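Here is a short tour of a complex for you to follow with the model at hand.

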Amino acid sequence: MCLAIPARIEEMTTPGNAIVNLGGVRKEISLALVDDATVGEYVIVHVGYALQKVDQEEAERTLAMFAEMGQLDELRSEPNGTAS
Amino acid sequence: MNGEVKKGYVRALDIKNGRVDMSHGSGGRAMAQLIEELFAGAFDNEYLRQGNDGALLPTAGGRLVMATDAHVVSPLFFPGGDIGCLSVHGTINDVAVMGAKPLYLSASFILEEGFPLINLQRIVQSMAAAAREAGVPVVTGDTKVVEQGKADGVFITTTGVGVVMDGVDLSGANVRPGDVILISGSMGDHGMAIMSRRENLAFDVPIESDTAALHHLIAAMLETGAAIRCLRDPTRGGLATTLNEIAKQSLVGLTINEEAIPVKPVVAAACEFLGLDPLYVANEGKLIAICAAADAERLLAVMRAHPLAGDAAIIGAAHADPHHFVQMKTSFGGRRNVDWLAGEQLPRIC
Amino acid sequence: MKYIDEFRDGELAKNIVANIRREAATDKNYSFMEFCGGHTHAISRYGIADLLPVNVHMIHGPGCPVCVLPIGRVDQAIRLARERNVIVCTYADTLRVPASDNLSLMRAKARGGDVRMIYSPQDALKIARDNPQREVVFFAIGFETTTPPTALIIKQAKDEGITNFSVLCNHVLTPAAITHILQSPEVRQYGTVPLDGFIGPAHVSVVIGSQPYEHFSNEYRKPVVIAGFEPLDVLQAILMLIRQINQGRAEVENEFTRAVTREGNLKAQAMVSEVLELRRSFEWRGLGEVPYSALKIRSAYALYDAETRYGIGYKPVADNKACECGAILRGVKKPQDCKVFGTVCTPENPLGSCMVSSEGACAAHYSYGRFKDIEVILA
């Protein structure tokens with residue numbers, strides 16, 4: 001629910017507003033709900049408003065989590081144990 | 001007034017500031033002048049010059065194909081085109097996908113009272129250019145004017161006639177299990193170009209409509225001798241709707257690969273913004289071709305060699321299916337139905 | 001598209017699915033409810049259910065604000081357009097919702113009502129500014145994600161002294177809905193409706209934070225994993241839920257850490273509290289009256305409250321008797337269990353809330369999953 005997309009802040013316009021860019025599509029949105037957003041940062045945009053900044057470090061961490069091997073495998077292939 | 005009025009002076013249409021009014025549709029002098037100055041000049045060809053109610057055309061050497069389409073697009077002018085060239089391309093394509101060589105077009109205009117003549121001129125000139133470039137003349141037409149509020153500026157209906165060579169038989173009912181599905185290029189360009197100009201959406205998006213006449217591409221495809229079962233242009237409702245139509249007509253199932261379908265990154269991005277699915281977005285310069293598996297690679301090569309189909313791709317195949325479903329293998333490895341479009345595809349917030 | 005494409009990577013998907021298959025204990029059944037319509041959509045669109053082992057089931061919850069919007073509320077908007085000559089501004093999602101007398105907002109527009117589709121509340125305010133001689137009403141719907149923009153626009157209208165603008169407020173609250181589901185009799189009886197955990201909404205949580213869900217995991221002993229909207233997010237969240245079940249935990253975990261924190265967006269929450277307040281009760285289509293589940297406009301902003309401004313009362317309208325939406329929204333029944341699914345009730349002619357929006361359980365199943373009900377021969 002609540003279609004929201006991560007877009008890059010390209011340019012500040014009138015106070016509280018900015019132009020964001022998603023894959024080449026540009027739209028002016030409001031930054032009224034987010035503090036200290038700057039050009040180059042990414043924000044989650046919903047119905048013309050930025051709801052939150054995207055935490056780039058956390059994004060990287062999440063992607064790394066996707067690539068982790070399953071826990072059972074980690075248990076099986078202990079450094080001293082026999083590999084399965 | 002200084003000097004003499006030249007003999008035979010007729011006050012020309014004030015195209016710059018004039019507007020359509022009810023007299024332009026009444027059949028009188030004003031209408032004749034509108035037709036003469038605006039339409040006839042632009043479309044000029046030997047058949048129009050006959051100047052009669054109907055155009056007298058030479059015998060056509062083969063089975064005839066006729067197609068008609070009304071164009072009510074809004075906005076009238078959009079990135080990459082306008083209602084004028086759209087109406088020419090659209091009907092040429094409808095004739096050409098039947099395997100016919102498009103020969104003649106007719107154009108009927110319903111004009112809204114108050115419509116600026118300068119815009120009408122722009123549209124007519126665009127139509128004339130499209131017709132000239134395609135080599136398909138507009139040989140007859142009609143003009144009516146309706147009261148303000150009863151039309152969206154202008155509605156255009158074009159009808160096209162063409163001839164099918166012997167032995168060519170294209171139909172949505174011809175597809176058999178094992179046949180291969182190809183498309184001529186990226187999906188969703190036209191619909192997103194239009195959507196980005198709709199009131200209250202105001203997205204700045206560098207997408208142009210793909211509106212184009214496909215008859216030369218189709219002629220090249222037919223010349224290969226490939227066993228083409230069916231050609232269709234995925235206009236309203238997009239690729240998904242057209243595939244569902246074909247599946248239903250041919251009583252087969254169709255499965256496509258999401259990863260094989262070309263979508264321009266900026267079109268994908270615009271769809272993300274609005275919550276739309278490119279599979280359901282209209283195209284006006286693309287076609288779907290379904291052919292025998294053995295001929296698919298050869299057909300693809302010919303398509304890719306043509307400027308209008310450089311991104312052509314094989315996207316799937318037909319198979320037996322009593323339910324005639326269209327399914328898609330997602331880029332994820334999952335499977336899902338690609339159903340008919342339920343109503344108009346609208347942007348969503350949820 | 002950054003932060004989108006990477007989260008749809010097919011190779012990473014294979015890895016997570018492999019993990020899920022490895023870790024889902026074959027002697028257990030896992031039933032998870034994805035509360036949010038956006039998750040329902042992601043699951044359907046990417047064919048995720050197809051990739052899960054047979055003992056992991058997804059139940060579609062009521063997290064679709066359009067689906068749970070009662071007919072009577074749409075009637076209010078239609079009446080304003082047709083009887084009071086008001087310009088009604090609405091998100092596209094609500095345009096086709098069938099209401100009373102065979103009308104919808106779209107049909108009301110066809111019959112002369114001035115109904116305009118907007119993308120943002122700012123568009124509605126602009127229409128008010130551009131049409132000072134007309135009255136404009138913004139038909140506001142949505143969960144906590146969509147509420148702060150509404151609150152902001154009301155405040156902005158007041159600050160700018162705009163007097164021809166008001167809001168018909170139908171904002172609803174997620175935790176209240178989850179509580180209602182968990183408290184329904186079927187869920188409480190073990191074995192009737194297995195509900196082992198929740199995938200928490202992505203963008204609602206951006207606003208409210210992960211903290212409000214701790215109540216559920218503590219009181220009802222159900223794990224909650226807040227997940228982003230992309231398919232990899234959803235798959236990872238399913239894996240995290242499986243792990244919690246296997247380890248006997250019932251906690252709130254956050255998969256969507258790139259946008260969700262424990263306290264959420266405090267600025268947005270403050271804005272909402274300033275302009276809106278809780279309604280004592282609100283009718284949810286399919287769920288009936290749910291206490292403290294919706295918001296109304298505070299009296300300080302009464303001028304901008306369309307309900308008081310136009311004095312339109314609310315008349316509840318019952319759903320079709322054959323409609324099983326109530327049970328489906330609670331996860332008690334599946335779309336296929338409904339007698340009228342796919343026949344009388346289709347996306348073109350929706351009878352109940354689950355078919356109305358493309359994210360309703362029935363609409364999603366009809367459009368994406370129908371083929372699984374019957375055997376299909378593949379190429």
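## A helix and what covers it

Helix 13 of chain C has buried residues whose cover includes strand 5 (49-53) of chain A, together with helix 7 (147-160), helix 10 (202-208), strand 10 (276-278) and strand 13 (295-297) of chain C. Helices (H or I, at least four residues) and strands (E, at least two) are DSSP runs, numbered from the N terminus. The buried residues of this helix, which spans residues 266-275, are C:Ala268, C:Met271, C:Val272 and C:Val275. Viewed down the axis of helix 13 of chain C, they fall within an arc of 95 degrees, so they line one face of the helix. That arc is the one made by the directions from the helix axis to the C-beta atoms. A residue counts as buried if 20 or more other C-beta atoms lie within 10 Å of its own, as exposed if 12 or fewer do, and as partly exposed in between, with C-beta atoms placed from the backbone.

## How to read the model

This is a predicted model, in which local features need a pLDDT of at least 70 and side-chain atom pairs count only at pLDDT 80 or more, while totals for chains, interfaces and linings use all residues. Residues are numbered from 1 along each chain as its sequence is written, and chains are lettered from A and ligands numbered from 1 in the order in which they are written.

For the complex, the predictor gives an ipTM of 0.88 and a pTM of 0.88. As for pLDDT (the predictor's confidence in each residue, from 0 to 100), chain C averages 89, and 94% of its residues score at least 70. Residues 375-379 of chain C stay under 50, and the model has 12 contacts for them beyond four places in sequence. Two residues are in contact if their C-beta atoms, placed from the backbone, lie within 7 Å.

## Chain C as a whole

Chain C holds 17 helices and 13 strands. Its radius of gyration is 21 Å, close to the 21 Å that the globule rule gives for 379 residues, so chain C is as compact as a globular protein of that length. The radius is taken over C-alpha atoms, and the rule is 2.2 Å times the number of residues to the power 0.38. Along the principal axes, the C-alpha atoms of chain C fill a box of roughly 65 × 45 × 45 Å.

Of the 379 residues in chain C, 59% are buried. Among its contacts with a separation of 6 or more, 76% are between residues 24 or more positions apart.

## A look at C:Met58

C:Met58 sits in strand 2 (residues 56-63) of chain C. Is this residue buried or exposed? C:Met58 is buried, with 21 other C-beta atoms within 10 Å. Leaving aside neighbours within four places in sequence, C:Met58 is in contact with C:Phe32, C:Glu34, C:Ile43 and C:Ala49.

Chain A has 2 helices and 5 strands, and from the N terminus on its elements run β-β-β-β-β-α-α. Buried residues make up 43% of its 84 residues. The average pLDDT of chain A is 85, with 82% of the residues at 70 or above. Among its elements, strand 5 of chain A has the highest mean pLDDT (97) and helix 2 of chain A the lowest (51). Over residues 73-84 of chain A the pLDDT is below 50, and this stretch has 4 contacts in the model beyond near neighbours in sequence.

How many residues does the contact take from chain A and from chain C? There are 32 residues from chain A and 45 residues from chain C. Strand 4 (42-46), strand 5, helix 1 (56-66) and helix 2 (71-76) of chain A each supply at least two residues of the side that touches chain C. Helix 1 of chain A gives the most to that side, with 7 residues. By class, the side of chain A that touches chain C has 20 nonpolar, 8 polar and 4 charged residues. Here Ala, Val, Leu, Ile, Met, Phe, Trp, Tyr, Cys and Pro count as nonpolar, Asp, Glu, Lys and Arg as charged, and the others, Gly among them, as polar.

The contact between chains B and C takes 28 residues from chain B and 44 residues from chain C. Strand 13 of chain B gives the most to the chain B side, with 3 residues.

The largest nonpolar core has 274 residues, of which B:Val154, B:Leu182, B:Ala270 and C:Val88 touch the most other members. Such a core is a set of buried Ala, Val, Leu, Ile, Met, Phe, Trp, Tyr and Cys residues joined through C-beta atoms within 7 Å. Helix 12 (residues 231-246) of chain C gives the most to this core, with 10 residues.
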